[in-house]
Number of protein chains: 2
Amino acid sequence: MLKGYNLIGFKESAKGDKHLTAYSPVQQEYLPETFCIATSNEVNDAVALAVTAFEEYRHCTAEQKAVFLETIATEIVALGDDLINRAMQETGLPEARLLGERGRTTGQLKLFADQLREGSWVEAVIDEALPERKPLPRADLRKMLVPLGPVVVFGASNFPFAFSTAGGDTASALAAGNPVIVKAHESHLGTNEMMATVIKNAAIKCNMPEGVFSFLIGEGPITGMQLVKHPGIKAIGFTGSFKAGMAIYKAAINEREVPIPVYAEMSSINPVLILPQQIKAASGALAAQLAGSITLGVGQFCTNPGLIFLINDENTEAFITELKEKLAAAPAGIMLNKNICNNYYQTKNKAANENGVTVLYEGENVSIAAKGSAALLKVIAADFIKNPQLQNEIFGPASLIILCADQLEMLKALQSLHGQLTGTVMGNSDDLNNFQNCIIELSLKVGRLIYNAVPTGVEVCHAMVHGGPFPATTDARSTSVGADAIKRFARPFCWQDCPQGLLPLALKDDNPLKIMRKINGEFRR
Amino acid sequence: MLKGYNLIGFKESAKGDKHLTAYSPVQQEYLPETFCIATSNEVNDAVALAVTAFEEYRHCTAEQKAVFLETIATEIVALGDDLINRAMQETGLPEARLLGERGRTTGQLKLFADQLREGSWVEAVIDEALPERKPLPRADLRKMLVPLGPVVVFGASNFPFAFSTAGGDTASALAAGNPVIVKAHESHLGTNEMMATVIKNAAIKCNMPEGVFSFLIGEGPITGMQLVKHPGIKAIGFTGSFKAGMAIYKAAINEREVPIPVYAEMSSINPVLILPQQIKAASGALAAQLAGSITLGVGQFCTNPGLIFLINDENTEAFITELKEKLAAAPAGIMLNKNICNNYYQTKNKAANENGVTVLYEGENVSIAAKGSAALLKVIAADFIKNPQLQNEIFGPASLIILCADQLEMLKALQSLHGQLTGTVMGNSDDLNNFQNCIIELSLKVGRLIYNAVPTGVEVCHAMVHGGPFPATTDARSTSVGADAIKRFARPFCWQDCPQGLLPLALKDDNPLKIMRKINGEFRR
């Protein structure tokens, strides 16, 4: 069933003579199918089609785009067990997780479809003409968000559905009116092809212009970089490693005549402050909750809690012991691919060898079985503050305890913290009052602040911020999850004294779309 | 009265031994006052104060910040003739223009004050908890925009009030809750000191934390770059040349551990399409209107119409003749400074020597009197398309006619166009229908599309977009003029399951600020 092709618009294309082979971490072997790496010409053809498709696609109605997104969602579900089985084989993720992730993926396609139909996301603003104003009349000025143009999406390994070919970047870029070219992630090649074919078929079914979607197989430094540097590309969505994200970000600014926005979600170690009274009151429950979050999905979440800040008092030792026991009880799990698995043990061991770091618990190295086992490290705050190496992400089920002598030291440790997607505070109401300065400091470093819950689990909704200060992302002014992700791929555009007949529907006097608008400074529908 | 100091927070400071001297293009001589270049330590002190001030300033209420901005506006007016006279002397701009610009400057301070009081600019979004949801409950999620931290503002020479020390960047960054450090523009040093002193005094009067505003004298490559690279700085606002803007933009990304957003407005030549039937109907009026815009303020506007696209037909020659006559009738005017004046003639002469360019009219070179005289150049579209040098900005009262053989050639010329702040179309309704493809192409290249009016004149209002694709700006997703300029200096932040008492006012259940919010996807006040 899998053919190993690229999709250049609606055409299956495999002109190259280099191939990638899918690998199964479950079976620990290469799978039979090979996937044809796009040639440089195929890359150019995909961009040329996207540029042409943009001329038509950006004028599609909200309803047309909504139906397109919903059709993708329907067709994903119609893939049934084939999709789930292939993804299980390629990623080692369990069925229940993948079923949930599929629901999340179709859910976010539908969220954007709903948002398109509701229509207010374009942020329509109208200032009516004031021809009598003195000393100068005011022109009629109207603005709204318009799409940027062809967007390249680099999927992530750890969410083969929700952050990959048909994931949130693709959905939000398409919703905003931009053609999308996906650079397939090498870690789940067959899954990608199934998803890409679904999007292509949905585009045909919905009479979308050819080139609204293309799908290319290749390697980041070659295929990926050709896309990043191509003048036809207007924005990038990326989820992955710090190294790859930074290479794309820098190339998009330094190696193009016209720099473009890069939304790269890269690296986050998601600090958790566990405050003294809460530990005293609920040590065991906290340890169980936290261990569950650390080991969830074999620690392969961008919101995995990698740092645990504790005040060293009479209850700390018992809490750490409970956390160790919970982690020791968690079974090792198959990781997404061999590289990730080997890299997990390497980065963990490197951290363990840093100055002042103690290993509190460490499961057996089962990389031979492609599995990651949990680990718990400890360092005192003074050593943490001195050593930025301890803020390198360990992608897997490991966490580092930062033991702080007192609140002031916790504050200092938080001041030394790099940017993060999330920060979490576990504390009762006295704790939250007492540690206000630490919580405020934490909030400067994160995109989302969580009270008394774990950071893993990112709701797809209107109020989500899945973003945060560098190096968590390259653009803290954006979110890659939730309704506002659409705004990353749009820019404001102003019409001055435009005849009514030539205005987009969102800006016409009679508000035919019935959207929320700001008119002369007042919100009106 | 002028003291030549820097302002490090509330303190007048002049520790350096290097000085800049103010120059008057009107008198063509250096003015008596000297201005002390900030030392590296003074720069560091200003940033340290800003970092500390941010801790307090970002928690100021909207009302406190609004009063602060209004106090600045009041105190600017209170400077009276002293300010206007100094600015006239330093910039050569006439009194009426400066009075107008002062009104614009105080007006935008008041606009941001109004926006703070209204409060909805923070884009509050609430998704309430769904504890009963299956398979997983939903947490309570609330987000809004929060300030970024200390902002550095580089003022422009051409708007000594509205885009300089107390201009739109400063006003919007302060409104969003960020301390501001202004790097004074060398071209109007005394004006800057007066404005900076006003802001400092307003900060004291309004009990703002010291460091909410600092003011540094120096040169871009040294003082400016130290600020750009300083880890305490979180964003940059800049208006000026392409070269300086790009140096800042690249440094902010490549020479910092943590890249920061740069909003640089740099270079725009503001194409105007003058369509055939409109020329036939109103040749003389169009020529007068356009000549007025080209020579307004001696052509020293970022929205100056630098390119005029015409279809070559039987009415073209007569229109060009009328335009030449109108330009010839415009008196040469004093330019902002010697460099700008010399650079104007140089870049104009360079363009005149490019392949295929004809000089249709050129006033006398009166750079000896620091004056710029108008010029009109012409090139055929085929030569324009081949030569990107013809898209270099000529900062002054010159414009280049692009003569197109037909509509298809006009379309091709527009396809070759770089990013611009504005695009203008002059046409009757038939023209607008006939040239739809050209107008659509133009719209891809600009931030604001103007029908049958001139691009000069940028309204400070809610619907303005003063921004546009690169190289007009480094961030087409933003506007530097109008209410939404505030959003450049903020980022979304999400609170998950935060106790009511710890939420900011904008996100509390009972909506004490009575702002417009999106709750579970619906707009509500």
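Two strands count as paired here if DSSP finds at least two bridges between them. Helices (H or I, at least four residues) and strands (E, at least two) are DSSP runs, numbered from the N terminus. This is a predicted model, in which local features need pLDDT of at least 70 and side-chain atom pairs count only at pLDDT 80 or more, while totals for chains, interfaces and linings use all residues. To find your way around, note that residues are numbered from 1 along each chain as its sequence is written, and that chains are lettered from A and ligands numbered from 1 in the order in which they are written.

**View 1. Strands pair across the two chains.** Strand 21 (residues 490-496) of chain A runs parallel to strand 20 of chain B, and three bridges join them. Look for Cys494(A), which stands opposite Arg448(B) in strand 20 of chain B.

**View 2. The contact between chain A and chain B.** Counting residues whose C-beta atoms, placed from the backbone, lie within 7 Å, chain B brings 48 residues to the contact and chain A brings 47. On the chain B side, elements giving two or more residues include helix 8 (242-254), helix 14 (429-434) and strand 20 (446-451). Strand 21 of chain B supplies the largest share of that side, with six residues. By class, the chain B side has 28 nonpolar, nine polar and 11 charged residues. (Ala, Val, Leu, Ile, Met, Phe, Trp, Tyr, Cys and Pro count as nonpolar, Asp, Glu, Lys and Arg as charged, and the others, Gly among them, as polar.)

**View 3. How the two copies are related.** The same surface serves both copies, as 98% of the contact residues of chain B recur in chain A.

**View 4. Strand 17 of chain B and its neighbours.** Strand 15 (residues 358-362) and strand 17 (residues 375-380) of chain B run antiparallel, joined by four bridges. Here Val359(B) stands opposite Leu377(B). Strand 17 of chain B also pairs with strand 18 (residues 398-404) of chain B, in the parallel sense and over six bridges. Within that pairing, Lys378(B) has Ile401(B) as its bridge partner.

Key:
Two residues are in contact if their C-beta atoms, placed from the backbone, lie within 7 Å.
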